Amino acid sequence: MEGPARRFYESSLKNNSELTFGVLKQKMIAHFKDEQSFAASFASFSSAQQYEHESIRDFSVRLQRLVNNSFSEEAESEMSDSFRAKMLLSQVMSGLKQSIKAPVNVHDPSSFEEAVEFAIRVEKSQNVVCPNINAITTSQESELQKLKNQQSECSSKMELLVQQMALFNEQLSKLQTTGENRYPSRQAGPQNNRQIICFLCRKPGHIKANCWKRARDMQNNARQGSNSSQTYTGHFDPCVFSHSSPPIIDVLINNVKMKALLDTGATMNTLALSVFNKIRDFLVVNGSPVELKTITGLTIYSDTIICVNMNINDTCFKTQFVVAGTDLFPTFDLILSQNFFQCFNFVLDCKNSVLRNDVVSVSWNFHRMFLNGNSANSPSDNFSKQKLNSDKSLDNDKCDVEMSSVNSITGRMVTKTKIPAFSQKYVEIKLDDNCNAFTALFCNLNDSPVNLNKNMALVKISPIHKVACIENVNNNISDFGQCDLIKHEIHLSDQVPIRQKPYRVPYHLKPEMRSQINVLLEAGIIQPSTSSFSAPVILVKKSDGCYRLVADLRKLNAKTVPDNYPLPNLTEMIDNLSGAKFFSTLDLTSGFHQMVMHPDHTKYTAIATEFGLFEYKRLPFGLRNASASFQRLMNLVLSGLNEFQNSCYIDDLVIAAGSFDEHLAKLEMVFQRLQ
């Protein structure tokens, strides 16, 4: 025997008098099997390190197994327990991960068991702050297997869906090929070489809004308007009639009779899809895709622009149309826009219901329906119109005499305004000396500008009911009341505080933030706080130019238990208004700030600013479950009023009634409840 075998024999088997060859062979194989020699085992023990995802308990068990394999049974009996404990303590201190080793070294344990126990506590605390997402316990293996099964099932379904989409694309390509063969003229010119053509001057490279001809015409109209102007005024009673028929004329396109709506508010000539399919003689115009937006807010995209010859009273007009992807309306087939009127110098004479220019003149049937069921074709039966000389402005005194003979309210211009020809503009009108000004849209359909002087009488409104003035209307936030019928509570998934630093505020907004905080403090909406929670705040600019202080509560909302109180169904709210003729809408001013927070839960709403730490005593904006709590409060306040066609969606109320007297009675009930 030589080498390690000889050394093992001389150290362990030489003094054994009962040693035989068979026993010697067994002991040699047992000692040198799988390299489990003392040197190899001790080297494994002395170099043992904790694996990346190995727990402290598993690491300690592995160290004990390695130290047991490093010594034979005889050596273990001779080795003292204190020496064994010191070796284990030394190795576990040197083999721990760096993030755990430092706290254990500072603790300086005196035994192996104490070191393992302290390291386990450190490991648990670190997992709370930064959990180990790679560690999967045995209880999670079944869930992982379920996820794998679901993934394989989804993959098979996705393969089937891809096959179905391939079949669908194949059928779609066939349909497109059929359409191209039917209308070959639509493919004229490559799609990527389309040019933008102005609808006004018919020149490529720009649109109507940037057209030089349009700017020149506007300048000429402005010069002419400064020298001479024609002003028309008409007084009407809104209770006399309900509606009138739209201006629709007959036109011919490819010898097909069509109905055309004259719409001065439209910006493009539009053709219905059903009418386009009947046309055979047309020319496709190269241009970029067009976005059509209806008055209801619906957006329709179209990439087909055609040029056709349209006949009006045997006069041909070469006109461009944008083909809509659907039908327009049952009463007309196409829309003639303001571009068409300006291009061919058409004038709309609303008094005589005539569309005319220097070549052609066509009229439409004007029909007005009255509330009593009668009808009239004369536009001047119930109107008093007055046309003045182009060199003079409106005679305000004469209008005052005419309007003062009727018990009505007169609407007058607040400031002097000029409205160009064929354009519209929002103007401010004041009903009386004690009424605030409101905005009205004024449309000028004449071919010359209109001058509206200050204090000019424009409209006469006859009241149908005399209503007492509403008193005690508070617009100041400090005058708002509070309702404590229901107090808002915040329930969190855990009680670990959320702390965020205040956001930086621009220097020019710091006085505004200080003012906002002072206003909220004086109104009792916020109070100084010592809470362990804190959220930053920002200033949000409102539509009127003012600012609102809003807390960024997103992290608090993320751990808030949701409140599943249902909000009203908007469809049912609309159905509840069926049969009503009079409607009123109410919007509660800062409604959330009138609901009280529960005193034990105000600490969660603490906000951090550079002026201090504060917390909300009232319900803040941007808080999760705020809408549900406020809806619960409003349902309690307005309970029993749903039978009277009164609906409430959070802080918006709708009151409806069949008659005006009934409507006033319902409004009074709602105001009493809110008070």
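Visitor: Over how many bridges do strand 20 and strand 21 pair?
Guide: In this predicted model, strand 21 covers residues 438-444. One of the facing pairs sets Tyr426 opposite Leu441 in strand 21. The two strands pair in the antiparallel sense, and the number of bridges between strand 20 and strand 21 is seven.

Visitor: Which residue in strand 20 is the bridge partner of Arg412?
Guide: Strand 18 (residues 409-413) runs antiparallel to strand 20 (residues 423-430), and two bridges join them. The partner of Arg412 in strand 20 is Lys430.

Visitor: Which residue in strand 33 stands opposite Cys648?
Guide: Strand 32 and strand 33 (residues 652-657) run antiparallel and are joined by four bridges. Opposite Cys648, the residue in strand 33 is Leu653.

Visitor: What is the bridge partner of Arg356 in strand 14?
Guide: Strand 13 (residues 354-356) and strand 14 run antiparallel, with three bridges joining them. In strand 14, Arg356 has as its bridge partner Ser361.

Visitor: Is Gln500 buried or exposed?
Guide: Gln500 is found in the loop between strand 24 (483-488) and helix 14 (510-522). Beyond its neighbours within four places in sequence, Gln500 is in contact with Ser534, Ala535, Pro536, Asp552, Lys555 and Ala608. The relative accessibility of Gln500 is 17%, and the limit for this class is under 20%. Gln500 therefore counts as buried.

Visitor: How is Met158 classed at 48% relative accessibility?
Guide: Met158 is placed in helix 9 (residues 138-182). Exposed residues have over 50% relative accessible area and buried ones under 20%, with a further class in between. Because its relative accessibility is 48%, Met158 counts as partly exposed.

Visitor: What is the area of the nonpolar surface patch that includes Met158?
Guide: Together with Met158, the patch is made by Leu161, Met165, Phe168, Leu172 and Leu175. The area of this nonpolar surface patch is about 590 Å².

Visitor: What percentage of the accessible surface of the protein chain belongs to carbon and sulfur atoms?
Guide: Buried residues make up 34% of the 675 residues in the protein chain. The accessible surface of the chain comes to about 42100 Å². The part belonging to carbon and sulfur atoms is 52%.

Visitor: Among contacts between residues at least 6 apart in sequence, what percentage join residues at least 24 apart?
Guide: The secondary structure of the protein chain comes to 18 helices and 33 strands. Of the contacts in question, those joining residues at least 24 apart make up 64%.

Technical notes. Residues numbered from 1 in each chain as written. Predicted model: local features only at pLDDT ≥ 70, side-chain atom pairs only at ≥ 80, totals over all residues. Heavy atoms only, no water. Pairing = 2+ DSSP bridges. Patch = residues over 30% accessible without salt bridge, like charges linked within 9 Å, V, L, I, M, F, W, Y side chains within 5 Å. Areas by Shrake-Rupley, 256 points an atom, 1.4 Å probe, with all protein chains shown as cover. Salt bridge = Lys/Arg side-chain N within 4 Å of Asp/Glu carboxyl O. Buried < 20%, exposed > 50% of the residue type's maximum accessible area, 1.4 Å probe, protein only. Contact = heavy atoms within 4.5 Å.
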